[in-house]
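Dear colleague,

I am passing on the structure below, together with some notes on what was found in it. Please read the notes with the coordinates open beside them.

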Protein chains: 2
Amino acid sequence: MGNNVNRQILLVEKPTGKLGPEHFRLVEAAMPEPKDGEALLRVRYISLDAANRAWMHGATYRAALENNAVMAGGSVAEVVSSNAPGFAPGDLVFSDTGWQDYAVLPGKHLAKLPHVEPMTHLLSVYGIAGLTAYFGLLDIGRPQNGETVVVSAAAGSVGSIVGQIAKIKGCRTVGIAGGAEKCRWLTAHLGFDAAIDYKQGAIFKTLREAAPKGVDVYFDNVGGDILEACLPQMNVRGRIVCCGAISQYDGAPSATGPRGVPGLIVVKRLLMQGFIVTDYFGKRDKAFADLGTWLKDGKLKVEEDVIDGLENTPAALIGLLAGENRGKRMVKV
Amino acid sequence: MGNNVNRQILLVEKPTGKLGPEHFRLVEAAMPEPKDGEALLRVRYISLDAANRAWMHGATYRAALENNAVMAGGSVAEVVSSNAPGFAPGDLVFSDTGWQDYAVLPGKHLAKLPHVEPMTHLLSVYGIAGLTAYFGLLDIGRPQNGETVVVSAAAGSVGSIVGQIAKIKGCRTVGIAGGAEKCRWLTAHLGFDAAIDYKQGAIFKTLREAAPKGVDVYFDNVGGDILEACLPQMNVRGRIVCCGAISQYDGAPSATGPRGVPGLIVVKRLLMQGFIVTDYFGKRDKAFADLGTWLKDGKLKVEEDVIDGLENTPAALIGLLAGENRGKRMVKV
């Protein structure tokens, strides 16, 4: 790219059905210039997350996306020049730069990051994915030694870490994922006790076999039918960690919710709790320390799926929604 | 009744659709005799609860009901004679005597009760209803001064107490009930800030008017459409107390669950938690003290709906499921 050109990917129109390449457009804009209090950032790695798709439905924990604006998205970026106190060229930051080569943002919207090797770990194990797994499982799920933990989207960026932390905590760990290959990877490589391929049909029976003592913690990334299959198999005082509802994101809204709500929640005294990882940022030092130790001790494996080139970001998100990836998907810009 | 006759109401068959009088039969049995460790009880007041109907669906937090057995149900009873250590004639106890004049139960299944005036308070404010309202609202709902609390089945035994405790805690309190008369009673007599008649149609819009700052605590007695209408109006970090699902009890199981689960639970970081009041029995002294103080100070009004005669128990339950009652319904045997 030329020195004065900033490539940007616009969300031209919010999809009403499935997300496709036609909803995006690559354009070239002038390099932005930082005003007082702002910094110019060179985007290095863009994080891809199922939540990107959920943002297109309207306001969630963030404002609704606008048509014909740069597609929103978090990234690791490097400060090129700075008029923001506390930020200097070379600093790494996490922020919502959106899908583009360069961005200008006010200092107060930047979170400074340490330099780690490889830098991609800032988006996987030390990023939103790792922190989401860590706090969701430990703070809401509260798994106890000997309990059974089930996680859906288990081969994804969050699920693959949830299952490994559950193992570290001494739990029987069952992953639900799409396809025999992912399932083999969960058990053979990541050490899950069992894996269920939801593409093989309704999972109620296979879950019963994989979790013969019932489910104490269900870490729910998908909602829908899989949540409904888990509900009756929860043990009394079980915890359902509501992290996402991927099954509901890409397409028309579901006509129904899962049966068993709230009947089974009452009878089994279940707790279902939603969370957004940013709520826990005040406690992240402890998380970084634990994750780093587990990594160093070989108890935690990090899987990353790095796609090259800003221009491939739309296809990378569309593929993620179709379940292409294993571990944390990101785009190297 | 003769001295040696024990009238019993049998559940002859579990209903597949709506509960009707044809599902019950009154029979006369011999007086039971207590064996070693058992006590003979004269049933005084039988508690009627929507949960009685839920038990007919199968095992819940109690074993499934059997056809052609005495209909299960809790009651206040008086010990007539006792071979159970610690129980003497004249003692009052709460136990699952079922719907009959007399019952024999082992001492370990009896919970001794104080003598209070009127005795009916042992089933209303100091009974399952009062404790359910107290612990469900305060322990799970955790209402804070100035928050908005919404309760469904608000004119029922639990809901009428939930709303009053919410007022005591300084909350804006909105009740959902069936019919204009019940709604007037909630606001004029019990002091609710607003009441919504769900029989007037979908409640989404009226709830928005009644709870303009959103809902912080929803005490859910009904599930189904009303839960679905509340979910999008919950504030961030709201709490949904799952106490019951009356809308699902009497008839065929619902084909669907409420939409918004788990999507809205994630986005709004909601907590949905089920409970059974017996889980809290270890803490009931505090509850009795608080409820008694509020009663004495005129901050809490107790509504009771006492039906006379064991033979009328089936009709009393059928009527309760149809929403006939205000406050705690019970049968004087």
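Which residue of S2(B) does Ile9(B) stand opposite? In this predicted model, the residue facing Ile9(B) is Leu26(B). The two strands concerned, strand S1 (residues 5-11) of chain B and S2(B), pair in the antiparallel sense over 7 bridges, and they belong to an open sheet of 3 strands in chain B, with the order S2-S1-S4 and antiparallel pairing. Strand S2 (24-30) and strand S4 (69-70) of chain B are the edge strands of that sheet, each pairing on one side only.

Between the chains, 32 residues of chain A are in contact with 32 residues of chain B. On the side of chain A that touches chain B, helix H7 (263-267) and strand S14 (271-274) of chain A each supply at least two residues, and the classes there are 16 nonpolar, 11 polar and 5 charged residues. S14(A) also pairs with strand S14 (residues 271-274) of chain B, in the antiparallel sense and over 3 bridges; within this pairing, Leu271(A) has Gln273(B) as its bridge partner.

Turning to helix H9 (residues 313-321) of chain A, the buried residues there are Thr313(A), Pro314(A), Ala316(A), Leu317(A) and Leu320(A). Seen down the axis of H9(A), these buried residues fall within an arc of 165 degrees, so they line one face of the helix. They pack against several elements of chain A, including strand S1 (5-11), helix H1 (50-54) and strand S16 (328-332). Just after H9(A), Gly323(A) adopts a positive phi of about 85 degrees.

Key
Residues numbered from 1 in each chain as written. Chains lettered and ligands numbered in written order. Predicted model: local features only at pLDDT ≥ 70, side-chain atom pairs only at ≥ 80, totals over all residues. Contact = placed C-beta atoms within 7 Å. Helix = DSSP H or I, 4+ residues; strand = E, 2+ residues; numbered from the N terminus. Nonpolar A, V, L, I, M, F, W, Y, C, P; charged D, E, K, R; others polar. Pairing = 2+ DSSP bridges. Buried ≥ 20, exposed ≤ 12 C-beta atoms within 10 Å, placed from the backbone. Arc of directions from axis to C-beta.
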